[in-house]
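Here is a short report for a reader who is new to this structure.

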Amino acid sequence: MSAIRDQEYATVVERERPLIQATAYLLTGDPVQAERAVQLVFAQLYGRWPGLRHPLLEALRAVVRAARTPVQLPWEDRRRVELIDGPPPALAAEPIVADLRTLSYDQRVAIVLECY
C-alpha cells in the first residue's frame, strides 16, 4: 500500500513541479529561495497526501504561504553552499521578476496567480 501511495505522489510531483517552481520563482525573485520553498511545500504535502483531493491547488496555496518569507528547511542544519562553474545562467524570466519586485508581496501573488 505504501509503495502505491509513494508512486502516486511521485507522479503528481513530477507533473506539477514545473508550475510550482515557476510560481515560487516569480513570487520570490530568487531561484535559490524558490527551490527551498518548493522543497518545503512538497515535503509538507507528502505528509498530508492520502487526504488531498486537489494536489495542485493545495501546492499553490502552500507555495504562496511559503514564499512570503525566507524558507528555513527543517532538515538543513548548516548553511547551503552551491558550487557553480562559470557565471550563473541568465534566466529568461528575469525582466518579469525585476518588474514584480517593485510590487508588494500581495500584489505579486495576485498578478502571478492571475496571469502566469
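Where does tryptophan 49 lie? Tryptophan 49 sits in the loop between H2 and H3. The model is a predicted one.

**The whole chain**

The protein has 116 residues, and 34% of them count as buried. Its secondary structure consists of five helices and zero strands. Along the sequence this reads α-α-α-α-α. Consider the contacts in the protein with a separation of 6 or more: residues 24 or more positions apart account for 72% of them.

**Tryptophan 49**

Is tryptophan 49 buried or exposed? Its relative accessibility is 11%. Buried means under 20%, so tryptophan 49 counts as buried. Neighbours within four places in sequence aside, tryptophan 49 is in contact with Arg5, Glu8, Tyr9, Val12 and Pro55. Take tyrosine 9 from that list. Tyrosine 9 and tryptophan 49 are 40 residues apart in sequence. In space they are 7.2 Å apart, C-alpha to C-alpha.

**Two helix pairs**

Two packed helices are described by the angle between their axes and the distance between the axes. The table gives both values for two pairs.

| Pair | Axes come within | Crossing angle |
|---|---|---|
| H1 and H3 | 10 Å | roughly 25° |
| H2 and H3 | 9 Å | roughly 135° |

H1 passes H3 in a right-handed crossing. On the H1 side, the contact is made by Val12, Glu16, Leu19, Ile20, Thr23, Ala24 and Leu27. On the H3 side, Pro55, Leu56, Ala59, Leu60, Val63 and Val64 make it.

The other pair is H2 and H3, with axes that cross at roughly 135°. That angle makes H2 oblique to H3. The crossing of H2 and H3 is right-handed. From H2, the residues that meet H3 are Ala37, Val41 and Leu45. Their partners in H3 are Pro55, Glu58, Ala59, Ala62, Val63 and Ala66.

**The core**

Which residues have the most contacts inside the largest nonpolar core? They are Ile20, Leu27, Val41, Phe42 and Leu45, in a core of 31 residues. Helix H1 (2-28), H2, helix H3 (55-66), helix H4 (94-101) and helix H5 (105-115) are the elements that give two or more residues to this core. H1 gives the most, with eight residues.

Phenylalanine 42 is one of the residues with the most contacts inside the core. Setting aside neighbours within four places in sequence, phenylalanine 42 is in contact with Tyr9, Val13, Arg17 and Ile20. Ile20 also belongs to the H1 side of the contact with H3.

**Glutamine 33**

Next comes a residue of helix H2 (residues 31-47): glutamine 33. Its relative accessible area is 19%. The cut-off for buried is under 20%, so glutamine 33 is buried. What does its side chain reach at 2.9 Å? The side chain of glutamine 33 reaches the backbone nitrogen of valine 71. Residues up to four places away in sequence not counted, glutamine 33 touches Thr28, Thr69, Pro70 and Val71.

Conventions. Residues are numbered from 1 along each chain as its sequence is written. This is a predicted model: local features need pLDDT of at least 70, side-chain atom pairs count only at pLDDT 80 or more; totals for chains, interfaces and linings use all residues. Side-chain values use heavy atoms; hydrogens and water are left out. Helices (H or I, at least four residues) and strands (E, at least two) are DSSP runs, numbered from the N terminus. Buried means under 20% relative accessible area, exposed over 50%, partly exposed in between (1.4 Å probe, protein chains only). A polar contact is a pair of N or O atoms within 3.5 Å; within protein, one must be able to donate a hydrogen and the other to accept it, and residues adjacent in sequence count only if both atoms are side-chain atoms. Contact means heavy atoms within 4.5 Å. A nonpolar core is a set of buried Ala, Val, Leu, Ile, Met, Phe, Trp, Tyr and Cys residues joined through side-chain atoms within 4.5 Å. Axes are lines fitted to C-alpha atoms, for helices over the stretch in contact, and angles run from 0 to 180 degrees between N-to-C directions. A crossing is left-handed if the near helix is turned anticlockwise from the far one by less than a right angle, and right-handed if clockwise. Angles under 35 degrees count as roughly parallel, over 145 as roughly antiparallel, 65 to 115 as roughly perpendicular and the rest as oblique.
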